[in-house]
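Q: Hi! Could you walk me through this one? Let's begin with how you use your terms.

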Amino acid sequence: STGRVNTEIVGDTITYSDSLGYATALGNVIIARDSLTAFGQLLEFYTDSMYAELTGSPMAISGADTIRGDKMRLFFQDEVLERVEVHGDAVATSPADTLPDAPRQILTGDQMTLWITDSRLTSALVEGSATATYYVREKTERQGLNVTSGDKLKISFEERRISRIRVEGGTQ
């Protein structure tokens, strides 16, 4: 870190090569950064391109939100997380509201790309057997449950809620 954002990486073995601009953490990897904590078995970080890849049952938690899959790629711009790609059995969950024991909204697919702006999820692209299960709310009143599926889901978010969803191929 250059001091703008502090990142702590823990692992059984950590290596770094300044000349290659490459770092790895192997075994019981934990990454703590802002409100994000991620876990996996292997972290590869390319410092020049500000790109990291986490494998070995990777999972990331931010507040009550979680994301997991077979491989997680993180892309940074000026040390700020701007995009996350999850490959293989991608699953993202978040609570439907702030009440205790709230049901969880779920996105699943073969691959998922999440775009982040100012530490907030702004849009998602879910591909391959894509499904979104989400709860409809009008202000604080529960209105129902929607399950949307297709080959590809393009989702926009505002204020932590789905504001638009586009479904392509095999739409249900």
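A: Buried means under 20% relative accessible area, exposed means over 50%, and partly exposed is in between (1.4 Å probe, protein chains only). This is a predicted model, where local features need pLDDT of at least 70 and side-chain atom pairs count only at pLDDT 80 or more, while totals for chains, interfaces and linings use all residues. Residues are numbered from 1 along each chain as its sequence is written, and side-chain values use heavy atoms, with hydrogens and water left out.

Q: Thanks! Is Glu-53 buried or exposed?

A: Glu-53 counts as buried, at 12% relative accessibility.

Q: And which side chain does Glu-53 meet in a salt bridge?

A: That of Arg-73, at 2.9 Å, N to O. A salt bridge here is a side-chain nitrogen of Lys or Arg within 4 Å of a carboxyl oxygen of Asp or Glu. Arg-73 lies in strand β8 and Glu-53 in strand β5, so the pair ties together parts 20 residues apart in sequence (strands are DSSP E runs of at least two residues, numbered from the N terminus). Arg-73 is partly exposed, at 22%.

Q: Which residues are linked with them in a network?

A: Arg-83 and Glu-85 join Glu-53 and Arg-73 in a network of salt bridges. The Glu-85 and Arg-83 side chains meet at 3.4 Å, N to O.

Q: New topic: how many residues does the largest nonpolar core have?

A: It has 32, and Ile-67, Leu-107 and Met-112 have the most contacts inside it. Such a core is a set of buried Ala, Val, Leu, Ile, Met, Phe, Trp, Tyr and Cys residues joined through side-chain atoms within 4.5 Å.

Definitions and conventions
Helices (H or I, at least four residues) and strands (E, at least two) are DSSP runs, numbered from the N terminus.
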